[in-house]
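Subject: Structure handover

Dear colleague,

Here is the structure I said I would pass on. My notes on one helix and on the salt bridges follow below.

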Amino acid sequence: MKRSLLRRTRFTRKRSKSLRMILLPEFKRRIRERDKTCRKGGDCGGHLEASHVYPVGSWPLLALYPLNCIGLCARHHRYTFWHKSPLEAMPWFRATYPQAWQDRLEAMRVQHLGRKGMTEADLRAEWAVFGI
């Protein structure tokens, strides 16, 4: 009897959310407000989504970095362009975005471990620097 009670309580514990998970919805909303339309097709009429240039799975510390996100409609983000054909997406990104943007993003990718331990205040201050 006691063992079954232990088992039940073990799986019902609440996990505390990480700072990234708390701030991600607000960050994505700010990216959509910054970009306003799809960066690939202009006014596509679809729902605008924030897409990461460097994937969050590989570069989790860049998830909340403003230069790592661009606004794409759902069609270009998921189905026809960004995730469907990444070999076409990166040359488009390099041709479309200013070299200064790319250089700052690449520099941050190289030193991304320096972002470890950033507080919410640090992240919000960084967002303010980029105007989001």
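Helix α4 spans residues 86-96, and its buried residues are Ala 89, Trp 92 and Phe 93. These residues sit on the same side of α4, because they cover an arc of only 100° around the axis. Please keep in mind that this is a predicted model.

What do the buried residues of α4 pack against? Their partners are β2 (69-73) and α5 (99-110). On the face of α4 turned away from the buried side, the exposed residues are Leu 87, Arg 94 and Ala 95.

Now the salt bridges. The count comes to nine. Three of the pairs are described here.

Glu 26 and Arg 124 form a salt bridge in which the closest N and O atoms are 2.8 Å apart. Glu 26 belongs to helix α2 (residues 19-35) and Arg 124 to helix α6 (residues 120-129), so this pair ties together parts that lie 98 residues apart in sequence. The two partners fall into separate accessibility classes: Glu 26 has a relative accessible area of 19%, which is under the 20% limit, so Glu 26 counts as buried. Arg 124, with a relative accessible area of 30%, is partly exposed.

Glu 33 and Arg 29 make another salt bridge, with 2.9 Å between the closest N and O atoms. Both residues lie in helix α2, four residues apart, which is about one turn of the helix. Glu 33 is partly exposed at 44% relative accessibility, and Arg 29 is also partly exposed, with a relative accessible area of 36%.

Asp 35 counts as buried, at 7% relative accessibility. The closest N and O atoms of this pair are 2.6 Å apart.

Some salt bridges share partners, and these join Glu 26, Arg 30, Glu 120 and Arg 124 into one network.

Regards

How values were computed
Residues numbered from 1 in each chain as written. Predicted model: local features only at pLDDT ≥ 70, side-chain atom pairs only at ≥ 80, totals over all residues. Heavy atoms only, no water. Buried < 20%, exposed > 50% of the residue type's maximum accessible area, 1.4 Å probe, protein only. Helix = DSSP H or I, 4+ residues; strand = E, 2+ residues; numbered from the N terminus. Arc of directions from axis to C-beta. Contact = heavy atoms within 4.5 Å. Salt bridge = Lys/Arg side-chain N within 4 Å of Asp/Glu carboxyl O.
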